[in-house]
Amino acid sequence: MNSPFIDSRLELQYIKEISGWGIFTNENIDEGVVVEIAPVVVFPRRLMEVAIWSCQAEGVPSADLKIDQYTINWGPEGAFPMGWTGLYNHKDDNNCQFIADYTVNLVGIKTIKPIPAKEQLFVSYGEHWFEKKGYIKKYLF
């Protein structure tokens, strides 16, 4: 993978319906294009679990604990992706995929279908992500 970058054809947009962000393209993008490469901050997986348990013990409602929604698995550890890589929304019929270079701690986003201008870019969080995290899939995009 190359150095960190975000393709100039991408734009970040706030999506009112989900009260969150999404990544869109302002031009057509072909299949097989790496549109973003970003570093990740790696941390021991147990660190996130302890932080969440501590917050819950202090009475912080689970709905307010959003940080784990933006972390990814990084081998046996956890990681916080930088750039916009943590803001791509899930869709079962995704048009992008994550790619990883564990040797230099970089994560990328690569298109797996042609994406027309003005469309949102989606990745799959995996078949069981919502079950493991205890989240409800509210939006089918």
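Student: Is Trp-74 buried or exposed?
Tutor: Since this is a predicted model, what follows rests on computed values. A residue counts as buried under 20% relative accessible area. Trp-74 has a relative accessibility of 5%, so the class for Trp-74 is buried.

Student: How many aromatic pairs does the structure hold, and what is the geometry of the pair of Tyr-14 and Trp-21?
Tutor: The structure holds two aromatic pairs. In the pair of Tyr-14 and Trp-21, the ring centres lie 5.3 Å apart and the planes meet at 80°. Planes over 60 degrees apart count as edge-to-face, and therefore the geometry of Tyr-14 with Trp-21 is edge-to-face.

Student: How accessible are the two partners, Tyr-14 and Trp-21?
Tutor: The class between buried and exposed, from 20% to 50%, is called partly exposed. Tyr-14 falls there with a relative accessible area of 47%. Trp-21, at 38% relative accessibility, is likewise partly exposed.

Student: What is the geometry of the pair formed by Trp-74 and Tyr-102, and which parts of the chain does the pair link?
Tutor: The rings of Trp-74 and Tyr-102 are 4.4 Å apart, centre to centre, with 50° between their planes, and the pair is tilted. The two residues are 28 residues apart and belong to distant parts of the chain. Trp-74 sits in strand E5 (residues 72-74), while Tyr-102 is in the loop between strand E8 (96-101) and strand E9 (106-111).

Student: How do E2 and E3 run, and how many bridges join them?
Tutor: Strands of a sheet pair through backbone hydrogen bonds, either parallel or antiparallel. Here E2 and E3 run antiparallel. Within this pairing, Tyr-14 has Trp-21 in E3 as its bridge partner, and Glu-11 stands opposite Phe-24 in E3. The number of bridges joining E2 to E3 is six.

Student: Which residue in the hairpin of E2 and E3 takes a positive phi?
Tutor: The hairpin has four residues between its strands, and the loop in question runs between strand E2 (10-15) and strand E3 (20-25).

Student: Where does Lys-118 lie, and what is its phi?
Tutor: Lys-118 is placed in the loop between E9 and strand E10 (120-123). With a relative accessible area of 60%, Lys-118 is exposed. Although Lys-118 is a residue other than glycine, its phi is positive, near 75°.

Student: In what order do the four strands of the open sheet stand, and which strands are at the edges?
Tutor: The four strands follow the order E2-E3-E10-E7, and their pairing is mixed. Two bridges join E3 to E10, which run antiparallel, and the partner of Phe-24 in E10 is Gln-120. Each edge strand has a single partner strand, so one side of each is left without a neighbour in the sheet; the edge strands are E2 and E7 (89-90).

Student: How many of the six residues of E3 are buried?
Tutor: E3 is largely enclosed by the rest of the structure, and the reason lies in the accessibility of its residues. Of the six residues of E3, the number buried is five.

Student: Which residues does Gln-97 contact, leaving aside its neighbours within four places in sequence?
Tutor: Gln-97 lies in strand E8 and is partly exposed, its relative accessible area being 34%. Its contacts, with those sequence neighbours left aside, are Gly-108, Ile-109, Lys-110, Ile-112 and Val-123.

Student: Is Thr-85 buried or exposed, and which residues does Thr-85 contact beyond its neighbours within four places in sequence?
Tutor: Thr-85 is located in the loop between strand E6 (77-81) and E7. Its relative accessibility is 1%, and Thr-85 therefore counts as buried. Leaving aside those sequence neighbours, Thr-85 is in contact with Glu-36, Ala-38, Phe-98, Val-107 and Ile-109.

Student: Which residues make the nonpolar surface patch of about 400 Å²?
Tutor: One of the members is Tyr-70, which is found in the loop between helix H1 (45-57) and E5. Tyr-70 is partly exposed, with a relative accessible area of 32%.

Methods: Residues numbered from 1 in each chain as written. Predicted model: local features only at pLDDT ≥ 70, side-chain atom pairs only at ≥ 80, totals over all residues. Heavy atoms only, no water. Phe/Tyr/Trp six-rings, centres within 6.5 Å; stacked < 30°, edge-to-face > 60°. Buried < 20%, exposed > 50% of the residue type's maximum accessible area, 1.4 Å probe, protein only. Contact = heavy atoms within 4.5 Å. Patch = residues over 30% accessible without salt bridge, like charges linked within 9 Å, V, L, I, M, F, W, Y side chains within 5 Å. Areas by Shrake-Rupley, 256 points an atom, 1.4 Å probe, with all protein chains shown as cover. Salt bridge = Lys/Arg side-chain N within 4 Å of Asp/Glu carboxyl O. Pairing = 2+ DSSP bridges.
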